[in-house]
Amino acid sequence: MGKITAAITGIQGYVPDYILTNKELETIVDTNDEWITARTGVKERRILKGEGKGSSVLGAEAVTGLLKKTNIPAEDIDLIICATATPDMIFPSTACIIANKIGAINAFAYDLMAACSGFLYALSTASKFIETGAYKKVVVVGADKMSSIVDYQDRSTCILFGDGAGAVMLEPSEEGLGIQDAILKSDGSGSEFLHMKAGGSAKPASHETINAREHYVFQDGQPVFKAAVTSMADVSEEIMKKNNLCADDIAWLVPHQANQRIIDATARRMGVGNEKVMLNIEKYGNTTNGTIPLCLWEWEGQLKKGDNLILAAFGGGFTWGSIYLKWAYDSNK
Ligand SMILES: CC(C)(COP(=O)(O)OP(=O)(O)OC[C@H]1O[C@@H](n2cnc3c(N)ncnc32)[C@H](O)[C@@H]1OP(=O)(O)O)[C@@H](O)C(=O)NCCC(=O)NCCS
């Protein structure tokens, strides 16, 4: 028998209805549509409204849609990995909450935290469970309610982020389709530039931390920007070289949507034209673990069996990486 590879056999995204436009942000902080558009590419983002609603609401919507579309009963799922930086609670895992919501009674479930690179890390991890033959149906869901940790008094970060989720089904392929290679990296020295100061075990929540607004994303934008441009481009070039791929071999670049300028720089370095780059930052902003599956979902109708895709991400940690995969089906969408 040939080697088993792990293929994406279904994709579904979910974004909440409320649209927070640049115009509305102009009424909240000292900013303007022109600045935000030119510096980031974001025009609007989605926000999950409603008391008590966390990332699991977004994730469960995406997975429910995925199961409906792929016609797979929830009981057949072996494993759910949820990549999130905004879990409903510190524990239990958001993956367990999603599994319970959708009735995945036979699945084990856990969260994976790698900030904006979490979806890639989770996809790579999940692929190993398939490749070893251990499991047949693994769901990877990226879900983030970034509005719960964004400071709407900080104009340099609140313009960037939005809420959203996306989920993929991974199944064995005997045709060699699906995930071909992954290069994942991290460098903890970057943590000083992008983190949340309080609410973890080092600095639990207190009146002081709340008064100091320490439960929000802290970002020193410029060093993060520089590291993101270099790292995402480097790792994408590295995975191309390692797999003997030239720009013409690549059907699509699927980049994390943090800033359009970072995406443009990555595509340029790879020699890939803009027409091959999935870009929806304009509509959703940075949904952290939602960005890559939301792109795949929106472009699903244009993907063809055998297409070579390069997925690339960069995020807090720092974490970054790239996955090379062969798309496994023609969509009827
Ligand atoms: C956050 C980010 C968009 C800021 O863009 P930038 O070009 O670096 O802008 P700077 O921080 O240098 O600020 C330039 C000026 O714009 C101002 N500015 C910042 N945010 C603004 C806003 N929303 N509206 C208007 N002006 C703004 C700054 O105050 C600064 O003004 P000054 O020159 O008078 O001091 C950019 O740094 C970025 O995208 N960083 C990386 C984000 C990222 O990839 N994160 C990864 C997580 S996944």
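**Figure 1. Helix α3 and its span.** The expected span of a helix is 1.5 Å times one less than its number of residues. In this predicted model, helix α3 covers residues 55-70, which makes 16 residues. From its first C-alpha to its last, α3 reaches 23 Å. That is close to the 22 Å expected at 1.5 Å a residue. After α3 comes N71, with a positive phi near 60°.

**Figure 2. The buried residues of α3.** Ten names belong in this view. S55, S56, V57, L58 and G59 of α3 are buried. What do the buried residues of α3 pack against? Their partners are strand β1 (5-14), helix α4 (94-102), strand β6 (138-145) and strand β7 (163-173).

**Figure 3. S56, a residue of α3.** S56 is found in helix α3. Is S56 buried or exposed? Its relative accessibility is 0%, so S56 counts as buried. Which residues does S56 touch, not counting residues up to four places away in sequence? They are D88, T94, I97, I98 and K101.

**Figure 4. Helix α5, mostly covered.** Helix α5 runs over residues 118-131 and has 14 residues. It reaches 20 Å from its first C-alpha to its last, close to the 20 Å expected at 1.5 Å a residue. Of its 14 residues, 10 are buried. G118, F119, L120, Y121 and A122 are among them. L123, S124, A126, S127 and I130 are buried too. Helix α5 is followed by G133, whose phi is positive, near 85°.

**Figure 5. The shell around the ligand.** How many residues surround the ligand? The shell has 22 residues, and the closest are T31, R39, C116, Q222 and N259. By class, nine are nonpolar, nine are polar and four are charged. At least two residues each come from α2 (33-40), α6 (155-158), α8 (221-242) and α9 (260-270). Which helix gives the largest share? That is α8, with four residues.

Figure 6. T31 has a polar side-chain atom 2.7 Å from a nitrogen atom of the ligand. For Q219, a polar side-chain atom lies 3.0 Å from a nitrogen atom of the ligand. G221 takes part through its backbone: an N or O atom there lies 3.2 Å from a nitrogen atom of the ligand. On its own, the ligand has 960 Å² of accessible area, and the protein covers 74% of that.

Figure 7. Q219 lies in strand β10, residues 217-219. Its relative accessibility is 18%, and buried means under 20%. Q219 therefore counts as buried. Leaving aside neighbours within four places in sequence, Q219 is in contact with T157, L160, F193, L194 and V224.

**Figure 8. Two cis peptide bonds.** Most peptide bonds are trans. This view shows two exceptions. The bond from F91 to P92 is cis, and its omega is near 0°. Where does P92 lie? It sits in the loop between β4 (79-83) and α4. A cis peptide bond also joins G317 and F318, with omega about -5°. F318 has its place in the loop between β12 (308-315) and β13 (319-326).

Figure 9. Most residues other than glycine have a negative phi. N244 is not a glycine, yet its phi is positive, near 55°. Its place is the loop between α8 and β11 (252-255). With 69% relative accessibility, N244 counts as exposed. T288 is not a glycine either, and its phi is positive at about 60°. T288 lies in the loop between α10 (281-284) and α11 (291-299). Is T288 buried or exposed? Its relative accessibility is 3%, so T288 counts as buried.

Technical notes: Residues numbered from 1 in each chain as written. Predicted model: local features only at pLDDT ≥ 70, side-chain atom pairs only at ≥ 80, totals over all residues. Heavy atoms only, no water. Buried < 20%, exposed > 50% of the residue type's maximum accessible area, 1.4 Å probe, protein only. Contact = heavy atoms within 4.5 Å. Near = heavy atom within 4 Å. Polar contact = N/O pair within 3.5 Å; in protein donor to acceptor, adjacent residues only side chain to side chain. Areas by Shrake-Rupley, 256 points an atom, 1.4 Å probe, with all protein chains shown as cover. Nonpolar A, V, L, I, M, F, W, Y, C, P; charged D, E, K, R; others polar.
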